[in-house]
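Reader: I have a model open and a few things to ask about it. Can we go through them one at a time?

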Amino acid sequence: MKEILSLEHVSFTYASEDEQESRKALDHISFTIKEGEWIAIVGHNGSGKSTLAKLIIGLLFPSEGTIRVFLEELGEENLWEIRSQMGIVFQNPDNQFVGSTVQDDVAFALENNGVPFEEMVPRVHSALAQVKMESFLDHEPHHLSGGQKQRVAIAGALALEPELLILDEATSMLDPQGRDEVIKVVEELKRKTGLTVLSITHDLEEVLLADRVIVMNQGKVLAIGSPAEIFERGDELEAIGLDLPFSMKLSSYLRDEGIDLNGNHMSEEELVNELWTSYFNK
């Protein structure tokens, strides 16, 4: 698989205005993302994941180390070219809208990139269809729900036909319904198109869909592994302030109450199936 993103011993230090004090936000971070992977980066507030996101999209540059995107070292001279191959969806959907209608907003980045009008129109319609928002072409964005706004933001990213979709806390301000809408859209896109996804989040429920998880703590990589491997370290995750998925906490509670269960259940469906098979379907 083609390498999409790699970080080699990346560190970043914030300097104070008077340069008398400094704070190291990232400390020798290294990992690689391959084409078609869904990678989730998780960590508590202050773990360094927000700084990491800014480095990956070129809002900041490392104090030490190297970032390569699409096999090119990221720098000021190629920043805009590389960023044009990324789709980025941020935390607050209201801060992303610039168009008066949904289709105007999705077309905005294409206009900035000089895409001809005759090519722009089908790309806008296709992107909105992929997130199931094609019937909202002429709606005003501020009248949409939170989940719908983020789906439009994803459509704007997809219209650029990116090689990498970055979700930077994209579900953190949504209600449960809106969060589920966005996650289902991304999951379906990943399944149908093989899109490479980097999800930066503090929500461990969201990481269940990832191929690999990178856990950040105090500016360092604490662990890298599959969701199953990461959740085996449940006590360690809770110790650094991460909340385990509901199904895992319920499994633990049931075992404490004397109910015999096989291992941790990463989803409610897994837990329900075992309970039904073992106890209620005899």
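Reader: Which residues does Thr 51 touch, not counting those up to four places away in sequence?
Author: Thr 51 touches Phe 12, Tyr 14, Ala 25, Leu 26 and Leu 60, where contact means heavy atoms within 4.5 Å. This is a predicted model, so local features need pLDDT of at least 70, side-chain atom pairs count only at pLDDT 80 or more, and totals for chains, interfaces and linings use all residues. Residues are numbered from 1 along each chain as its sequence is written, and side-chain values use heavy atoms, with hydrogens and water left out.

Reader: Is Thr 51 buried or exposed?
Author: Thr 51 counts as buried, at 7% relative accessibility. Buried means under 20% relative accessible area, exposed over 50%, and partly exposed in between (1.4 Å probe, protein chains only).

Reader: Where is Thr 51 found?
Author: Thr 51 is in helix H1, residues 49–56. Helices (H or I, at least four residues) and strands (E, at least two) are DSSP runs, numbered from the N terminus.

Reader: Now Arg 123. What is Arg 123 in contact with, neighbours within four places in sequence aside?
Author: Leu 110, Val 115, Ala 159, Leu 160 and Glu 161 are in contact with Arg 123. Arg 123 belongs to helix H4, residues 117–130, and is buried at 14% relative accessibility.

Reader: And Pro 176, buried or exposed?
Author: Pro 176 is exposed, its relative accessible area being 62%. Pro 176 lies in helix H6, residues 176–193.

Reader: How many Å separate the C-alpha atoms of Pro 176 and Glu 134?
Author: They are separated by 23 Å, with the two residues 42 apart along the chain.
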